[in-house]
Amino acid sequence: MTLTTIDKKAALIVVDLQKGVLNLPATHPVGQVVARSAELARAFRGREFPVVLVNVVGGAPGRTDASRAAQATGQSRPTPPPQWADLADELDPQPGDHRITKNTWGAFHDTPLRAHLQELGVTQVFLTGVATSIGVESTARSAHEHGYHVVLVTDAMTDRDAYAHQNSVERIFPRLGETATTEEVIAMLKENV
């Protein structure tokens, strides 16, 4: 489903475009994903729509805290370097942006994101970021379950695995909401001023 409308109260959620994650291998040029997300952030700010910048600092506790190989050897997850969670400079975080730090895949789980969006009256969320099949998809699933109109900006996201990215975009996302390109979203934002 392509983009049909922009609600009167929409928000952009940028998932995990942070320095440590962006250094990992990806199937699409990371610079383009960051540039498109930054372009969308400027456009949303220009409309005075909320921009939510999400970063991840850990992992879910318990058995998922370490890989099977690390569990087998008794090793724990290594501590990331200090700048690992810093957002990509190109996003140009602004004082009015909303910052969410998460420890799991989805930006809604165990964070104040839902309460914050409700307080702002947001009814529609646009998603970009990495990883398509993990952070973005988990956040989209939760947004859908919470009743938001979900739009997935597919040219502003990437994944470590090409098949996982394709599966999310072609099979999962159409069940959760609409898909669009950065160009389509920006054109519609300009139309509906």
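Rings of Phe, Tyr and Trp (its six-membered ring) count as a pair if their centres lie within 6.5 Å. Keep in mind that this is a predicted model.

**Exercise 1.** Work out how the rings of Phe44 and Phe49 are arranged.

*Solution.* Start with the total: the structure has 3 aromatic pairs. Phe44 and Phe49 make one of them, with 5.9 Å from centre to centre and 55° between the planes. Planes under 30 degrees apart would be stacked and over 60 edge-to-face, so what's left is tilted, and tilted is what this pair is. Both Phe44 and Phe49 are buried. Finally, ring pairs tie Phe44, Phe49 and Phe126 into a cluster.

**Exercise 2.** Find which element gives the most residues to the largest nonpolar core.

*Solution.* The largest core holds 32 residues, and Phe44 and Phe126 are among those with the most contacts inside it. Next, list the elements giving it two or more residues: strands 1, 2, 4 and 5, plus helices 1, 2 and 7. Helix 2 comes out on top with 7 residues.

**Exercise 3.** Decide how helix 5 and helix 6 run relative to each other: roughly parallel or roughly antiparallel.

*Solution.* Take the axes of helix 5 (residues 132–145) and helix 6 (residues 162–176): they come within 10 Å and cross at roughly 5°. That crossing makes helix 5 roughly parallel to helix 6. Now look at who meets whom: the helix 5 side includes Val136 and Ala140, and the helix 6 side includes Val169 and Ile172. Sorted by class, this contact has 7 nonpolar, 5 polar and 3 charged residues.

Notes:
Residues are numbered from 1 along each chain as its sequence is written. This is a predicted model: local features need pLDDT of at least 70, side-chain atom pairs count only at pLDDT 80 or more; totals for chains, interfaces and linings use all residues. Side-chain values use heavy atoms; hydrogens and water are left out. Buried means under 20% relative accessible area, exposed over 50%, partly exposed in between (1.4 Å probe, protein chains only). A nonpolar core is a set of buried Ala, Val, Leu, Ile, Met, Phe, Trp, Tyr and Cys residues joined through side-chain atoms within 4.5 Å. Helices (H or I, at least four residues) and strands (E, at least two) are DSSP runs, numbered from the N terminus. Axes are lines fitted to C-alpha atoms, for helices over the stretch in contact, and angles run from 0 to 180 degrees between N-to-C directions. Angles under 35 degrees count as roughly parallel, over 145 as roughly antiparallel, 65 to 115 as roughly perpendicular and the rest as oblique. Contact means heavy atoms within 4.5 Å. Ala, Val, Leu, Ile, Met, Phe, Trp, Tyr, Cys and Pro count as nonpolar, Asp, Glu, Lys and Arg as charged, and the others, Gly among them, as polar.
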